[in-house]
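Hello,

I am handing over the structure below, with notes on what turned up in it. Please read them with the structure open.

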Amino acid sequence: MLICMRTTLNLSDALASEARARAAIEGKTFTSFIEEALRERLAKPDASAPASPLPTFGDGAHRLLIDLDDADSLWAVLDEPEARDS
């Protein structure tokens with residue numbers, strides 16, 4: 001069963017006119033054109049989200065030097081006496 005929700009969009013006249021014209025050229029309704037455009041946009045990955053976690057590196061003893069995802073561990077490493085001497 002298909003359930004549709006009726007909603008109101010506030011579009012500029014120019015944008016709505018362009019979308020209606022493009023929908024007509026493609027033989028689609030305005031609604032189906034907007035729905036398809038919205039589906040395509042939602043299918044793309046979010047550009048603001050990091051693609052993957054930042055890498056971490058270790059020394060010879062396999063001790064993590066800095067975990068860039070954890071501010072507390074970053075400050076802990078910076079507060080170590082060896083870090084201040086270098």
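Is Lys28 buried, partly exposed or exposed? Lys28 is partly exposed, as its relative accessible area is 28%. Please keep in mind that this is a predicted model.

First, the overall layout. The chain has four helices and zero strands, and its pattern along the sequence is α-α-α-α. Of the 86 residues in the chain, 6% are buried. Among contacts with a separation of 6 or more, 3% are between residues 24 or more positions apart. The chain exposes about 8,000 Å², and 59% of that comes from carbon and sulfur atoms.

Next, the charged pairs. The structure holds three salt bridges. The side chain of Lys28 meets that of Glu26 at 3.2 Å, N to O, and that of Glu36 at 2.5 Å, N to O. Glu26 is partly exposed at 37% relative accessibility, and Glu36 is partly exposed at 33%.

Arg39 forms a salt bridge with Glu35, with the closest N and O atoms 3.7 Å apart. Arg39 and Glu35 are separated by about one helical turn, because they lie four residues apart in helix H2 (residues 30–43). Arg39 is exposed, with a relative accessible area of 56%, whereas Glu35 counts as partly exposed at 43%.

Last, the nonpolar surface. Leu9, Leu11 and Leu15 form a nonpolar patch with about 270 Å² of accessible area together. Leu11 sits in the segment before helix H1 (13–25) and is partly exposed, at 34% relative accessible area.

Regards

How values were computed:
Residues numbered from 1 in each chain as written. Predicted model: local features only at pLDDT ≥ 70, side-chain atom pairs only at ≥ 80, totals over all residues. Heavy atoms only, no water. Patch = residues over 30% accessible without salt bridge, like charges linked within 9 Å, V, L, I, M, F, W, Y side chains within 5 Å. Areas by Shrake-Rupley, 256 points an atom, 1.4 Å probe, with all protein chains shown as cover. Salt bridge = Lys/Arg side-chain N within 4 Å of Asp/Glu carboxyl O. Helix = DSSP H or I, 4+ residues; strand = E, 2+ residues; numbered from the N terminus. Buried < 20%, exposed > 50% of the residue type's maximum accessible area, 1.4 Å probe, protein only. Contact = heavy atoms within 4.5 Å.
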